[in-house]
Every structure is written in C-alpha cells, then in structure tokens.
Amino acid sequence: MIILQIALILVLPVLLFRLERQMRWLKSIVMAYVLGVIIGNVDPDFFDHGMLKELTGISIILAIPLMLFSSNIKMWIQQPRKLLLAYVLAVVATSTSVAIGWFIFQDGLENLPLISGMIEGVYTGGTVNLNAVGYAFEAPEEMMVLLNGYDMAFSGVYLLFIFTFLPAVLKFILKSDSDIKNEVRQEDEVDFFQLAFKEQLLSIGKGVGLSALILGGVVGIAILLTGKMHELIIIFGVTGLALIGSNFKNIQGINGNMVMADYFMIIFGFTLGAQANVAELLSGHLDIFKYFAVIYSTMLTIHLILAKIFKIDVNAFLISSTAAIFGPPFIGPVAESLNRRNLIAPGIIIALMGNAIGTYLGILVVQILS
C-alpha cells in the first residue's frame, strides 16, 4: 500500500507540470500544497503519515542543491546595481521586521527564536529556506505545517496585489521608469521539455545523482563527527557543497536542474499540505496570525521606505521583493505582468542568491535569539 502511495506522489509533479504549461497562471507548488491540504483533510488516513514525513524531509534536502547548482556565484556581482541594491534593502527590511516581531511577541509566543529564524529565511529567498531552517533545528511537524500555511496565505494575497493594482499605486510613491537595461549576461539554456526523452533522463540522472551523492557524503560526515544524522550539519554541508559545485560549468550547465528542483519542491508542498489540519490552522492560533500580520506589514513598509530613500523604481522594488519573498519560480510571472522581460534573468539570479544566503541567515538568527 505504501509503495502505491509513493508512486502516486512521484507521478503527481509530472501531472502538475503539464497543467502549469497549459495554464501559466497556475503555479505547481501552490497547486500541490492546496491539493495536499484538501486530501489530507477530506481523508486524513488516505496516506501513511510516517511516509509523508519522510518524503517531506528528503524532498526539501534534494531540492536545495538542484536549485543552487544554477546559482553562478560569479554572476552575482554582475547584476544591475539598482536591482542588487533593492534586494539588499529587502533583506534589511526582513531582518528589521523579525527583530521588531521578536520584541513584541517574545513573552507570548512559544519557540519564537526558531520561528524568527524560519521567517528570516523564507523572506530572504523563499519557501525552501523556511523549511531548511526548520529541518536544521528539528522543528515540530505542527510548526512547519502552520508556518507554511500562514506564509502561503499572506504571500498569496500579496502576490494578487502585485498582479493587479499594486504597481499602479506604487507609481505615486516610487520612480515609475526603470533605468535597468537588458544587458545581463546569461548562459545559453536549452528548454528541458524540448529535449529528447533520452537526453531528459540523462540530465535528470546527472542532477539528481550528484545531489544524492552530496547528500550521502554530508550525512556520512555528520554521522562520523556526531554519531547521528545531525540536521544542522547536513543543511550547512549540502548548501555549501552545492554552491561550490555551481562554479563548475559542467554542473551548472546540466539541463533540468531547476525543473528537478521544482519537482522535489512539488513533492514537498504536497506531502506537507497533506499533513495540515485546516481546523487547527484557522482556530486557536491567533497569536501566529498576529505575528505574521506584524512581520508582513512591517517588512513591506520598511522596504518601501528604504526604496524611496535610495531612489529605487517600481519595477526594481517589485522584482527584488518577489525574489526575497517568493524565490526564483515567481520571478518570470511577475516580470511578465510588469512587461519587463529584461528583468527575468537578473531577478532569477538574485533570487537564487537569496536561496543561498537565506538558510544561513535564518540559522544565524536562531542562534542569536536562543
């Protein structure tokens, strides 16, 4: 029975990829989480919860190196200065809001140091960081589900604003014209889905195999040093080795790295959602709701004020905010909605930079507040 359940989950990302290619406005990771929540609440015993928990941990760890393989560190400093500055301001806004949240809720919220670190991670580079920090410190399953749920709820509303009226409103506050030219150097990339089936399998084998090799090596080192699978060592090691690997063209150039990263993120989103209890999410956690409301409103307000001070334009503000809050998958849709396709390449590179540093910043915040 468990084998059949695993098979269904492994096939799900392929189906959602096909659906997303037909309806670009639907994002696979969001669909996976929502579908998981529906199944998990309509029939809580449909999937084995032990299996779901194992797949959640494995999928997030395998997604990290696959995502970072495409993060060419040498290209970070080559990005438009205005966009890079806008992203730095977004990180400053996140860190400041987390500090404010700590002072307001430190006496009334349990596990606040860990929650603060996970929030620092997620709003520096996206969902992968929230869960990497949580995994590193063995966050309770209920906390992981709860924070992911509230993050998706608040971020979903913000994304809707970006796609609708927010750009027009921001023109009354920030510069409206972007002076960022389309001069970003980017390696030629072959569309994974245009490759022959054998080439797709070969690319998948290379990327996933290398990720598994890195994970296996780091796990071995962790066991050798501590006598157990030490989560913090695993997260640090996998992230660090993936960033080192990203400097090699034969690794960086593997077609399908980002596709397979998305594949594992879909599995992660579905298995996490299937463990979510909506009744618990909607009731009895008013303190978490208030925390997210304070963090989100403070973070966006500070970022906007800093953008005004440093003369950041509307497009750079929204792309940098998207990179920090949502990560690489949402850069394309947001840039398209702004009619600024020239910002897709630098936006994705900066978002990948956020993936790389977000985990480290989140872990640092946990250590400091603890």
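What share of the 370 residues of the chain count as buried? In this structure, which is a predicted model, the figure comes to 55% of those residues. The chain exposes about 17100 Å², and 66% of that area is supplied by carbon and sulfur atoms. As for secondary structure, the chain has 18 helices and zero strands, and if we take the contacts between residues at least 6 apart in sequence, 83% of them join residues at least 24 apart.

Let me turn to two helix pairs. Two packed helices are described by the angle between their axes and by the distance between those axes.

The crossing of H1 past H3 is right-handed. On the H1 side the contact is made by Ile2, Gln5, Ile6 and Ile9, and on the H3 side by Met51, Leu52 and Leu55; by class, these are six nonpolar residues, one polar and no charged.

The other pair is helix H5, residues 81-105, and helix H16, residues 314-325, which pack at an angle of about 50° with their axes 8 Å apart. H5 and H16 are therefore oblique to each other as well, and their crossing is right-handed. Here Leu83, Ala86, Tyr87 and Ala90 of H5 meet Ala316, Ile319, Ser320, Ala323 and Ala324 of H16, a contact that has eight nonpolar residues, one polar and no charged.

How values were computed:
Residues are numbered from 1 along each chain as its sequence is written. This is a predicted model: local features need pLDDT of at least 70, side-chain atom pairs count only at pLDDT 80 or more; totals for chains, interfaces and linings use all residues. Side-chain values use heavy atoms; hydrogens and water are left out. Axes are lines fitted to C-alpha atoms, for helices over the stretch in contact, and angles run from 0 to 180 degrees between N-to-C directions. Helices (H or I, at least four residues) and strands (E, at least two) are DSSP runs, numbered from the N terminus. Angles under 35 degrees count as roughly parallel, over 145 as roughly antiparallel, 65 to 115 as roughly perpendicular and the rest as oblique. A crossing is left-handed if the near helix is turned anticlockwise from the far one by less than a right angle, and right-handed if clockwise. Contact means heavy atoms within 4.5 Å. Ala, Val, Leu, Ile, Met, Phe, Trp, Tyr, Cys and Pro count as nonpolar, Asp, Glu, Lys and Arg as charged, and the others, Gly among them, as polar. Buried means under 20% relative accessible area, exposed over 50%, partly exposed in between (1.4 Å probe, protein chains only). Accessible areas come from the Shrake-Rupley method with a 1.4 Å probe; for residues, only the protein chains shown count as cover.
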